[in-house]
Amino acid sequence: MGLQPLEFSDCYLDSPWFRERIRAHEVELERTNKFIKELIKDGKNLIAATKSLSAAQRKFAHSLRDFKFEFIGDAETDDERCIDASLREFSNFLKNLEEQREIMALSVTETLIKPLEKFRKEQLGAVKEEKKKFDKETEKNYTLIDKHLNLSAKKKDSHLQEADVQVEQNRQHFYELSLEYVCKLQEIQERKKFEFVEPMLSFFQGMFTFYHQGHELAKDFNHYKMELQINIQNTRNRFEGTRSEVEELMNKIRQNPKDHKRASQFTAEGYLYVQEKRPAPFGSSWVKHYCMYRKAAKKFNMIPFEHRSGGKLGDGEVFFLRECTKRHTDSIDRRFCFDVEVADRPGVALTMQAFSEEERKQWLEALGGKEALLHTFNRAIVPRPEGSAQLDKMGFTILRKCISAVETRGINDQGLYRVVGVSSKVQRLLSMLMDVKTCNELDLENSSDWEVKTITSALKQYLRSLPEPLMTYELHGDFIVPAKSGSPESRVNAIHFLVHKLPEKNKEMLDILVKHLTNVSNHSKQNLMTVANLGVVFGPTLMRPQEETVAAIMDLKFQNIVVEILIENHEKIFRTLPDATPPESVSQSPPNAPPRQSKRQGQRTKRPVAVYNLCLQLEDGDSPNPSKEDTPTSSLDSLSSPSPTTATVQGLPGPDKNHLVADGDWASAASSQTRPPMVQWLNPQSPTTLSCNRAVTPPSPKLSPFLSCPPATPADKPPESVTSRKARAVYPCEAEHSSELSFEIGAIFEDVQTSREPGWLEGTLNGKRGLIPQNYVKLL
């Protein structure tokens with residue numbers, strides 16, 4: 001049962017039960033006052049905690065905003081850029097959320113704390129004041145009554161009448177005060193219901209407004225979240241592909257590190273211990289240096305470096321070599337030593353120690369010592385495996401057969417092209433497809449002997465087995481450039497332009513394949529193979545760099561982007577002609593442009609010593625596929641013969657892991673003694689015309705200058721040569737040899753002719769005649 005009502009009539013009786021009821025009301029008001037006081041305290045703590053949370057959230061958002069991902073390589077993919085920007089987006093999201101939280105915290109103060117404090121102070125406080133008055137008047141009234149009743153009856157009537165009037169007046173005042181107090185008690189009991197609950201309602205309204213704002217922010221964030229999930233998935237897929245390639249390269253290098261040395265501007269480089277002589281009492285010490293040597297200039301750089309001291313780099317020293325002498329153990333109590341005599345300090349010799357006898361022989365060779373191990377720093381030729389795929393009529397048959405079977409039987413298979421077949425079955429199917437007899441008998445469309453995953457794996461294996469990737473080594477770098485920068489439209493235009501620079505057979509096969517991949521992506525709801533997933537699968541298949549390095553593998557993701565652009569824009573790229581002028585991203589880095597070192601290094605690409613191989617590509621069906629020895633793996637023209645009846649001279653430019661390529665300076669110095677073998681013309685009596693495809697598909701500029709046709713024997717028709725023409729320099733060049741010319745951009749050369757040195761021209765500049773890198777100039 002609740003509180004009993006206070007009747008006004010009871011104020012005049014002022015019975016004990018009336019007093020009990022007043023006391024019950026007072027206790028309830030005291031409990032209410034205490035509760036509101038505690039609630040205000042808790043509300044203030046809530047505001048403080050909210051502000052602390054907001055401060056922590058803002059600090060967290062600030063940390064997110066300031067962090068930036070670093071990436072390996074020279075560019076990021078669009079997906080990586082979105083992931084990088086996501087931290088700032090998260091930061092902004094939290095910032096907006098905390099702004100709403102601050103609004104909520106302010107609303108708690110204004111809508112809850114202040115109204116409750118006002119109610120407690122003004123309303124409950126007023127009742128307390130009334131109670132004090134009531135208690136005081138009660139004490140006064142009943143004290144006066146007691147005193148009045150104790151008056152003697154013998155007093156004068158006038159005195160007694162005066163006392164009666166005073167008591168009556170006091171009693172009336174007490175009744176008035178009692179009535180007001182009772183009214184106030186009942187009023188406050190009713191008022192507290194809305195005076196207390198209304199601020200609570202406002203508080204919850206503010207709180208739910210905050211959560212509603214968070215919900216609205218989440219709705220706004222949802223679209224971005226879905227796009228970011230796609231970016232993350234694409235990046236994860238590319239990571240998986242890149243990781244497998246990196247691990248494969250790591251294992252190759254682990255098994256045979258000598259065959260995977262990177263091309264370097266130095267003839268030799270590595271760690272050597274150098275003897276530093278001290279005053280007599282202290283003897284000498286051996287300090288580890290990282291040494292670099294250029295043979296052409298005889299320039300030797302060495303920098304002290306100690307791994308154990310946290311990788312501390314010391315001050316380097318540069319000198320020019322006069323001669324190198326091997327030290328025997330009978331003259332020094334250390335192994336693997338040799339002396340280096342400094343040219344500009346006669347009589348001064350430095351004693352150096354290699355890590356092993358093999359490394360000492362390598363240094364002796366590079367420095368011109370007597371015990372040289374020929375071609376130690378070069379890579380050996382690894383013959384191409386037997387039965388390698390070719391871009392010929394049989395290749396197109398394989399492609400069409402596999403595509404037809406896939407589109408007939410498995411276009412909706414989940415994970416199409418990502419799910420791989422059993423290796424032994426794939427190899428068996430590919431062998432049958434590459435054999436003319438068995439290929440014609442295979443019916444992949446209607447036969448259940450071959451699973452779809454086996455067919456797709458065989459198709460990918462065929463494309464990977466081509467001597468050169470379908471999109472060529474020459475254009476590899478050019479395809480990568482637009483994928484790294486520019487707007488989506490400029491990327492499409494650049495790749496459109498480059499696709500039409502591919503040899504006709506390559507472009508035709510690429511067209512057939514990309515059309516099929518477009519069809520596969522159109523069924524992505526069933527097969528789950530989106531354009532991005534197909535890019536991950538076919539990026540490394542259609543494109544690959546000529547030299548395997550970690551830096552090249554880091555560009556795999558851009559290869560994937562190129563394939564995605566081909567699939568998404570198949571009709572435009574393959575059914576329309578590109579603009580006559582190359583897009584900006586292409587023109588800035590022309591495919592024939594040689595690689596340039598930075599000005600800090602001041603070096604240009606070394607002159608290569610190329611080992612040539614000859615590959616005759618005859619009429620389809622006239623002869624079986626060329627053997628592995630005839631077609632090198634890195635042959636740059638094997639996919640670009642101008643006609644099936646033309647035999648093509650194939651050149652091997654620049655350093656490649658499968659071919660013998662000596663350092664440029666060493667080769668230059670040694671050229672007078674040992675020239676690299678030149679190509680001999682095969683079957684001079686044959687009516688088939690031999691031609692050099694240099695003008696059609698020059699070798700990859702990433703590794704060497706263009707290779708000119710080798711000189712013909714007197715009995716044969718010589719290749720075309722440049723005779724008495726002018727040329728303009730399109731790149732600056734600093735000579736590294738007395739036989740070469742130095743020049744700046746725009747220099748005009750007179751009497752330019754083909755040199756006997758592959759990849760070089762001869763010309764006259766300012767009265768001096770010398771060698772000019774062929775891909776540094778443009779003939780006029």
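Because the model is predicted, local features need pLDDT of at least 70 and side-chain atom pairs count only at pLDDT 80 or more, while totals for chains, interfaces and linings use all residues. Residues are numbered from 1 along each chain as its sequence is written, and side-chain values use heavy atoms, with hydrogens and water left out.

## Overall make-up

The protein contains 19 helices and 15 strands. Both are DSSP runs numbered from the N terminus, with helices being H or I runs of at least four residues and strands being E runs of at least two. Of the 780 residues, 46% are buried. Buried means under 20% relative accessible area, exposed means over 50%, and partly exposed lies in between (1.4 Å probe, protein chains only).

The accessible area of the protein is about 41,700 Å², and carbon and sulfur atoms supply 53% of that area. Such areas come from the Shrake-Rupley method with a 1.4 Å probe, and for residues only the protein chains shown count as cover. Among contacts with a separation of 6 or more, 70% are between residues 24 or more positions apart. A contact means heavy atoms within 4.5 Å.

## Salt bridges

A salt bridge is a side-chain nitrogen of Lys or Arg within 4 Å of a carboxyl oxygen of Asp or Glu. The count by this rule is 32.

| Pair | Closest N and O atoms |
|---|---|
| E102 and R58 | 3.4 Å |
| E80 and K557 | 2.9 Å |
| E504 and K507 | 3.9 Å |

E102 forms a salt bridge with R58. E102 belongs to helix α3 (residues 78-149) and R58 to helix α2 (residues 16-66), so this pair ties together parts that are 44 residues apart in sequence. Both ends are partly exposed, E102 with 39% relative accessibility and R58 with a relative accessible area of 30%.

E80 forms a salt bridge with K557. Here E80 is in helix α3 and K557 is in helix α16 (residues 556-568), so the bridge ties together parts that are 477 residues apart in sequence. E80 is buried, with a relative accessible area of 18%, and K557 is buried at 10% relative accessibility.

E504 forms a salt bridge with K507. These two residues are three apart in helix α12, which means that about one helical turn separates them. E504 is exposed at 55% relative accessibility, whereas K507 is buried at 17%.

Salt bridges also link R23, E26, K131 and D135 in a network.

## Helix α6 and its surroundings

Helix α6 covers residues 393-409, which is 17 residues. From its first C-alpha to its last, α6 reaches 24 Å, close to the 24 Å expected at 1.5 Å a residue. The expected span is 1.5 Å times one less than the number of residues. At the start of α6, a side-chain oxygen of D392 comes to within 3.2 Å of the backbone nitrogen of M394.

M394 is one of the buried residues of α6.

D511 is buried, with a relative accessible area of 17%. Leaving aside neighbours within four places in sequence, D511 is in contact with H570, F574 and R575.

## Positive phi angles and a surface patch

F336 has a phi near 60 degrees, a positive value in a residue other than glycine. F336 is placed in the loop between β5 (317-326) and β6 (337-342), and is buried with a relative accessible area of 16%.

D751 is another residue other than glycine with a positive phi, near 50 degrees. D751 lies in strand β12 (residues 748-754) and is partly exposed, with a relative accessible area of 32%.

On the surface, F204, F208 and Y211 form a nonpolar patch with about 330 Å² of accessible area together. Patches are made of residues with over 30% relative accessible area and no salt bridge; like charges are joined within 9 Å and nonpolar side chains (Val, Leu, Ile, Met, Phe, Trp, Tyr) within 5 Å. Y211 is part of helix α4 (residues 157-255).

How values were computed:
A polar contact is a pair of N or O atoms within 3.5 Å; within protein, one must be able to donate a hydrogen and the other to accept it, and residues adjacent in sequence count only if both atoms are side-chain atoms.
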